[in-house]
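User: I would like to go through this model one residue group at a time, with the cut-offs stated as each term comes up. Could you show it first?

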Amino acid sequence: MIPGLANALLVGGSVVPGSAAFTSPGTSQWVCPPYNILRIRVWGAGGSGSATWAGTSYDGANGGPSSCGTVSAGGGQGGRRYAGGYGAGGTGGAGTTANGGAGSAGYAYTGGHGGHAPSGGAGTPGTSGQGVWSANGGYPGGGSGGVVGYGAPAGGGGGAGGYSDVTFTAGAPGAPVPGETLTVVVGTGGAPISDGWEQSGQGGHGRVLTDWS
């Protein structure tokens, strides 16, 4: 079989290697091109860290899932608030290839560290001090650190998004068909959380990458 002939018969065109990147949060449509081998990589978005001031504490926000057709990766959980003990780190999102790293629990007067995304963005450190903000989670999919006012018990960092890396061979069961329209979703990073004085950073947004040959 001449390379690309099977796809050419299906859609009336030969295989032209290429790639596509989806980096902005939201939903879009992608028409699958002719291919012999198609690789789809998906990162879920990271969760944000918790925020605590004195006796007031708030959970971080969850990151959104990402997907391309049947390939998906979950978003990371927001860091957990202080509630009579140091807040737990958010759990990492589920992925076919690897789950996202969990955020760490709060420390003595310092917010927990955000989780790291597999083959993606780094989690950011927690912070401490009146009026401070933690940095946004690394892109794609990193969790942001928890934040705490000076002298207050701390909450946890956000979990990272999961990671899925799937390769398809044209014509195999379950493989996208050239010319098929696939829905692509890029998850939004967990929103920053404020306690009125301090604020955690936003979780890293998700990402979808495709390449074919």
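**Contacts, core and charge pairs**

User: Leaving aside neighbours within four places in sequence, which residues is Ser48 in contact with?

Analyst: Contact here means heavy atoms within 4.5 Å. With neighbours within four places in sequence left aside, Ser48 is in contact with Gly60, Ala61, Gly78, Gly79, Ser144, Gly158, Gly190, Ala191, Ile193, Ser200, Gly201 and Gly203.

User: What pLDDT do local features need in this model?

Analyst: Residues are numbered from 1 along each chain as its sequence is written, and side-chain values use heavy atoms, with hydrogens and water left out. The model is predicted, so totals for chains, interfaces and linings use all residues, whereas side-chain atom pairs count only at pLDDT 80 or more and local features need pLDDT of at least 70.

User: Is Ser48 buried or exposed?

Analyst: Ser48 sits in the loop between strand 3 (37-43) and strand 4 (51-53), strands being DSSP runs of E with at least two residues, numbered from the N terminus. Buried means under 20% relative accessible area, exposed over 50% and partly exposed in between, with a 1.4 Å probe and protein chains only. Because the relative accessible area of Ser48 is 0%, this residue counts as buried.

User: Which backbone nitrogen does the side chain of Ser48 reach?

Analyst: A polar contact is a pair of N or O atoms within 3.5 Å; within protein, one must be able to donate a hydrogen and the other to accept it, and residues adjacent in sequence count only if both atoms are side-chain atoms. At 2.8 Å, the side chain of Ser48 reaches the backbone nitrogen of Ala61.

User: How many Å apart in space are Ser48 and Gly143, C-alpha to C-alpha?

Analyst: In sequence, Ser48 and Gly143 are separated by 95 residues. From C-alpha to C-alpha, however, the distance between Ser48 and Gly143 in space is 5.7 Å.

User: Which of the 18 residues in the largest nonpolar core touch the most other members?

Analyst: A nonpolar core is a set of buried Ala, Val, Leu, Ile, Met, Phe, Trp, Tyr and Cys residues joined through side-chain atoms within 4.5 Å. In the largest one, with 18 residues, the members that touch the most others are Trp30, Leu38 and Cys68.

User: Which strands each supply at least two residues of this core?

Analyst: In soluble globular proteins, nonpolar side chains tend to be buried together. At least two residues of this core come from each of strand 1 (18-22), strand 3, strand 7 (71-73), strand 11 (181-186) and strand 12 (207-212).

User: How many disulfides does the count come to?

Analyst: A disulfide is counted when a pair of cysteine sulfur atoms lies within 2.5 Å. The sulfur of Cys32 has its closest cysteine sulfur in Cys68, and because the distance is 8.5 Å, the two are too far apart for a bond. Cys32 is buried at 2% relative accessibility, and Cys68 is likewise buried at 1%. By this rule, the number of disulfides is zero.

User: How many residues apart in sequence are the parts that Asp165 and Arg39 tie together?

Analyst: A salt bridge is a side-chain nitrogen of Lys or Arg within 4 Å of a carboxyl oxygen of Asp or Glu, and Asp165 forms one with Arg39, their closest N and O atoms lying 2.6 Å apart. Since Asp165 belongs to strand 10 (residues 163-169) and Arg39 to strand 3, the parts tied together are separated in sequence by 126 residues.

User: Which residues do salt bridges that share partners join into one network?

Analyst: Asp59 forms a salt bridge with Arg80, with the closest N and O atoms 3.4 Å apart, and the side chains of Asp59 and Arg81 meet in another at 3.1 Å, N to O. Asp59 lies in the loop between strand 5 and strand 6, whereas Arg81, 22 residues away, lies in the loop between strand 7 and strand 8. Through shared partners, these salt bridges make one network of Asp59, Arg80 and Arg81.

User: Which backbone nitrogen does the side chain of Thr124 reach?

Analyst: Thr124 is located in the loop between strand 7 and strand 8, and at 11% relative accessibility it counts as buried. Its contacts beyond four places in sequence include His113, Asn136 and Gly145. At 3.1 Å, the side chain of Thr124 reaches the backbone nitrogen of Gly145.

Terms used: Helix = DSSP H or I, 4+ residues; strand = E, 2+ residues; numbered from the N terminus.
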